[in-house]
Amino acid sequence: MIASFLQESLDEAENGVLEVQRNDLAQRFNCVPSQINYVMSTRFSPERGYIVESRRGGNGYIRITRVQVDRQTLMMHVINSLGDQVDLPSARAILSNLVHTEALEETVARSLLAAVGDKALSAVPRESRDRVRADIMKQVLILQV
């Protein structure tokens, strides 16, 4: 509910920037401020095309900016942000965002998701899958740039 509200508010914002008070949101949704933080970190991350700035304290605010970049810049940002490991839900979210922003064709995203899924990586020990998944994603995405 929080993410939907923020997304709708962001869609209505003139310049793709939304500034909200953390405490106001917490009161509106009858939750603790840490739940607001959780939504920010999981739904409005750079991988999903957002920059979130936050100031804590009594007048703390959250500023969400939708990033508008060209395809190549977005792809390079995603590749660089993957790090050494990526779990399957994060891989799904990253690929979904790339398709949504039209930086990646849906067929390529589906194929890549199948290639990095747990079923495809079943021969890889569980403790190594996130590392292998990140390596595969980086290599395929580099070819798409």
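A pocket is an open set of grid points, where a 1.4 Å probe fits, with protein on both sides within 12 Å along at least five of seven lines, and its lining residues have an atom within 4 Å of a point. The views below show a predicted model.

**View 1. The largest pocket and the residues nearest its centre.** The lining of the largest pocket consists of 21 residues. Of these, R48, Y50, N97, H100 and T101 lie nearest the centre. The volume of this pocket is about 450 Å³.

View 2. Two or more residues of the lining of the largest pocket come from each of the elements α1 (2-12), α4 (71-81) and α5 (88-100). The greatest contribution is that of α5, which gives 4 residues.

View 3. The lining of the largest pocket includes 8 nonpolar residues, 8 polar residues and 5 charged residues.

**View 4. The open sheet.** In this sheet, 3 strands are arranged in the order β1-β3-β2, with antiparallel pairing. The edge strands, each of which pairs on one side only, are β1 (17-21) and β2 (50-55). On average, neighbouring strands of the sheet are turned by 15 degrees against each other, direction ignored.

**View 5. The pairing of β2 with β3.** Strand β3 comprises residues 61-66 and pairs with β2 in the antiparallel sense. The pairing extends over 6 bridges. For S54, the bridge partner in β3 is I62.

Technical notes:
Residues are numbered from 1 along each chain as its sequence is written. This is a predicted model: local features need pLDDT of at least 70, side-chain atom pairs count only at pLDDT 80 or more; totals for chains, interfaces and linings use all residues. Side-chain values use heavy atoms; hydrogens and water are left out. Two strands pair if DSSP finds at least two bridges between them. Axes are lines fitted to C-alpha atoms, for helices over the stretch in contact, and angles run from 0 to 180 degrees between N-to-C directions. On a 1 Å grid over the protein atoms alone, a cavity is a set of points where a 1.4 Å probe fits but cannot get out, and a pocket is an open set with protein on both sides within 12 Å along at least five of seven lines; lining residues have an atom within 4 Å of a point. Grid points are joined across faces, edges and corners, and a volume is the space filled by probe spheres set on the points. Ala, Val, Leu, Ile, Met, Phe, Trp, Tyr, Cys and Pro count as nonpolar, Asp, Glu, Lys and Arg as charged, and the others, Gly among them, as polar.
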